[in-house]
Structure formats: structure tokens, C-alpha cells
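Here are some notes to read alongside the model. Please keep the 3D view open as you go through the points.

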Amino acid sequence: MTPDVLLVIFAGLLGLLVGSFSNVLIWRLPRGENIAFPPSHCPNCDHRLGVIDLVPVFSWLSLGGKCRYCKAPIKARYPVVELLTGIGYAAIAALFPPLTVGWGALGLMVLFTILLVGSAIDLDTYTIPDELTLPGVALGVLFGFLNGRAGVEGLPDLAGAVQGALLGAGVVVAINQFGSWVLRRFRERSFPEFPIGYQQISLGLLAGAWLGPWWGAGVGLLSALVNVAARRVIRIPELLTLGGLLVSVMLGSAGYGPGMILMVQGALAAAGAVSLACGVYWWLHWRRHREDDGAADDTQVDASAMGFGDVKLAAVIGAFLGWERLLLALVVAVFAGAIFGVAQLALRSENRVKFGPFLALGAVVALLWGGALIGSYREMLGL
């Protein structure tokens with residue numbers, strides 16, 4: 001066998017092992033448990049599992065899907081996650097040969113695991129843990145740096161990873177901002193978050209359109225510092241920020257300012273930067289309050305505030321795959337979600353699925369076939 005074939009087989013076996021650990025993450029992250037201690041145990045009887053109980057797929061099959069010690073049923077999700085990870089890792093190694101791509105192949109495997117774990121948790125709890133997505137963005141940027149050093153083609157370098165992360169978060173959070181504004185019939189939020197939240201994201205959108213991504217993000221973060229100094233929220237009406245962005249884009253299309261394309265890019269990237277800053281702040285904020293023995297927190301937060309796991313997941317995808325494949329992932333996710341929604345209506349099903357799994361599906365399509373699809377689209381346009 002050739003070295004490439006051997007690496008594909010090795011990647012598949014590695015995927016089976018990582019899939020077993022992924023099941024640990026799926027169970028423990030939503031519960032705030034340590035992912036390393038205690039060692040693996042049955043969630044029903046707490047009996048510690050031995051090596052023979054932890055062989056991917058085969059242990060579940062040999063035990064008939066039941067715990068060896070208490071005979072409680074073991075979800076079929078466990079071998080499914082292990083198999084999917086093994087197949088996914090093998091496919092990545094085949095399409096992105098590690099001997100050629102180097103660190104880039106490992107980075108894509110990390111992304112695949114984040115997508116699978118995040119989707120499984122989202123299906124169970126309707127949330128995507130910050131402990132998964134925020135470090136995922138940092139890892140995406142790190143692998144972008146390594147790709148740039150190695151001169152890997154087809155995957156983003158450091159600048160591309162940062163741009164992809166900011167635009168990924170920015171696109172999804174902008175959709176959220178305008179969608180929420182319309183659903184509220186253009187009324188202001190009942191109470192903005194202190195000191196940083198959706199208000200600063202909206203301000204970043206407007207400022208980024210005219211000043212560019214970094215200055216736009218700076219304006220949004222400056223607003224948060226003003227709130228801290230004033231010890232209260234200094235309101236900035238959405239009619240000014242979101243309405244101002246719409247006017248700005250129309251002016252840009254008419255030839256004023258930097259131009260419509262640059263204004264949209266600047267607005268989205270600035271909003272993405274502010275939203276990631278929000279995510280980090282609120283992650284640390286809630287962790288601190290959980291660790292303070294359940295100390296009460298009198299901070300009022302919008303029911304949907306800072307729970308935007310999809311925003312952070314889009315940033316992860318953009319960091320690992322770049323902005324072009326990110327857009328492809330979003331298109332696939334929207335179409336898949338629409339088809340699923342229509343099927344639910346036809347079957348009169350009341351089960352709801354959040355956008356995260358569809359976004360992950362779109363990312364897998366963009367990861368495996370994005371290069372060919374984007375190339376075909378460019379050829380069709382004559383680019």
C-alpha cells in the first residue's frame with residue numbers, strides 16, 4: 001500500500017478513538033463537568049469502565065447496546081458518533097493528504113470534531129457550549145498561522161482565518177440583529193445588556209461601514225467602556241444604528257463613501273469582532289458567577305442575549321475554512337433547514353431543531369467539496 005493509503009487508514013482509526021472522546025464531550029460539556037476526571041463511567045450506575053468497555057463501536061456491539069454492569073441501555077448515538085468521526089477523518093485524509101497539506105489536514109479534523117460535538121449537544125440541549133466554540137475560533141486562527149507558514153494552498157492563512165472568523169460571526173449576528181428588530185416591529189429592546197451586548201454590535205455595524213472593520217470594532221468596544229465609566233447603559237437607538245446602516249448601504253450603492261461592497265464587508269467584520277468580544281466577556285462572566293457558589297446576579301439580560309451559539313460556530317467555520325467556503329456553508333445550511341422545515345410541516349411534527357446542526361452540515365459540505373463547488377461557480381461566471 002502507498003503511504004497515502006496507509007495515512008487514510010490511520011486517520012480512520014484515529015477518528016474512531018477521537019469519536020469515543022467526542023462522546024465524553026457531548027455528555028460532560030453541557031453539564032459543566034470536567035472532561036478528564038473522573039475517568040469514563042456508566043452514567044446510570046457510575047461504575048468505572050474498563051479498557052474492554054471502551055473499544056470504539058465494537059464494545060457497544062458486543063454488549064448488545066447495554067452496560068456490562070447494570071444492563072442499562074446505551075444510546076446508539078455512541079457508536080454512530082465514533083463511526084462518523086472515523087469516516088470523516090478518513091475522508092479528510094483522502095481529500096487533503098497529510099503528506100502534502102501537513103498541519104492543514106489536522107486542523108480540518110479538529111473542525112470536523114467541533115462540528116459533530118456541537119451538533120449533538122445542540123440537538124440535546126438547544127445550546128452550543130462556549131467551551132467548544134470560543135477555543136475553536138482560537139484554534140482556527142492558530143491553524144491559519146501554521147497554514148501560512150507552510151504555504152498550504154486551498155486553506156486560509158492567518159489573515160484569511162481572522163477575516164473568515166470575523167465575517168462568519170458578522171453575517172450571522174447581522175441576520176439576528178435585523179431579524180429581531182423586524183420581529184419587535186422596530187421597537188427598542190426592553191433592556192440592553194451591561195456593559196456590552198447587542199447594542200454595541202449594532203453600533204459596530206454602523207461604524208464599520210464607514211470606518212472599516214477595526215475602527216468600527218473599536219467604536220463598539222468604546223461604547224462598552226463608556227457604559228462601564230457611567231455605571232449604566234448609555235442607550236443608542238437601533239433606529240440610529242441599524243437604520244443608519246441601511247441608509248449607509250444605499251448611499252454606498254450610489255457611489256458615496258468607500259462603496260457598497262467595502263461598506264458591507266467593514267460592517268460585518270466589525271460586528272463579528274464585537275460579537276466575539278461579547279461572547280468572551282459573557283462566557284467569563286457566567287463562569288465567574290457559577291464558581292461563586294451560585295451567587296445571585298442582578299444583571300438583566302435579554303432572553304436571547306449572548307446565547308448566540310450559531311454566531312460563534314460560524315466564526316469557527318470561517319476561521320478554519322475561510323470566507324468563501326463559509327458562505328457556501330451558510331447557503332447549504334439555509335436550504336437544508338428550509339427543506340427540513342417544509343418536511344416538518346407536511347408531517348405536522350412539533351420537534352424543533354436549531355440552526356446549529358444545519359450550519360455544521362453546510363460546513364462539512366464546504367469542507368469536503370467546497371473547492372470544486374466554488375471553482376465551478378467561478379467558471380460559470382467566467383471569473
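1. Which residues line the largest cavity? They are Gly104, Gly107, Leu108, Phe143, Asn147, Leu155 and Phe320. A cavity here is a set of points on a 1 Å grid over the protein atoms alone where a 1.4 Å probe fits but cannot get out, and lining residues have an atom within 4 Å of a point.

2. Before going further, a word on the source: this is a predicted model, in which local features need pLDDT of at least 70 and side-chain atom pairs count only at pLDDT 80 or more, while totals for chains, interfaces and linings use all residues. Residues are numbered from 1 along each chain as its sequence is written, and side-chain values use heavy atoms, with hydrogens and water left out.

3. Back to the cavity. The search of the whole structure turns up one cavity of 30 Å³ or more, and the volume of the largest cavity is about 30 Å³. Volume means the space filled by probe spheres set on the grid points, which are joined across faces, edges and corners. Helices α5 (103-125) and α6 (130-150) each supply at least two lining residues, and α5 has the largest share, with three. The lining has four nonpolar, three polar and no charged residues; Ala, Val, Leu, Ile, Met, Phe, Trp, Tyr, Cys and Pro count as nonpolar, Asp, Glu, Lys and Arg as charged, and the others, Gly among them, as polar.

4. Now turn to the largest pocket, with a volume of about 640 Å³. Of the 30 residues that line this pocket, His41, Pro43, Leu49, Ile74 and Tyr78 are the closest to its centre. Two or more lining residues come from each of α1 (3-28), α2 (58-62) and α3 (77-95), and α1 gives the most, five. By class, the pocket lining holds 17 nonpolar, six polar and seven charged residues. A pocket is an open set of points with protein on both sides within 12 Å along at least five of seven lines.

5. Over residues 13-94 the chain is 48% helix and 0% strand, with the end C-alpha atoms 14 Å apart. Helices (H or I, at least four residues) and strands (E, at least two) are DSSP runs, numbered from the N terminus.

6. Is Val51 buried or exposed? Val51 sits in the loop between α1 and α2 and is exposed, with a relative accessible area of 74%. Buried means under 20% relative accessible area, exposed over 50%, and partly exposed in between (1.4 Å probe, protein chains only).

7. Cys45 is partly exposed at 31% relative accessible area, whereas Cys278 is buried at 0%.

8. Finally, the whole chain: 14 helices and zero strands. Its radius of gyration, taken over C-alpha atoms, is 22 Å, close to the 21 Å that the globule rule gives for 383 residues, so the chain is as compact as a globular protein of that length. That rule is 2.2 Å times the number of residues to the power 0.38. Of the 383 residues, 46% count as buried.
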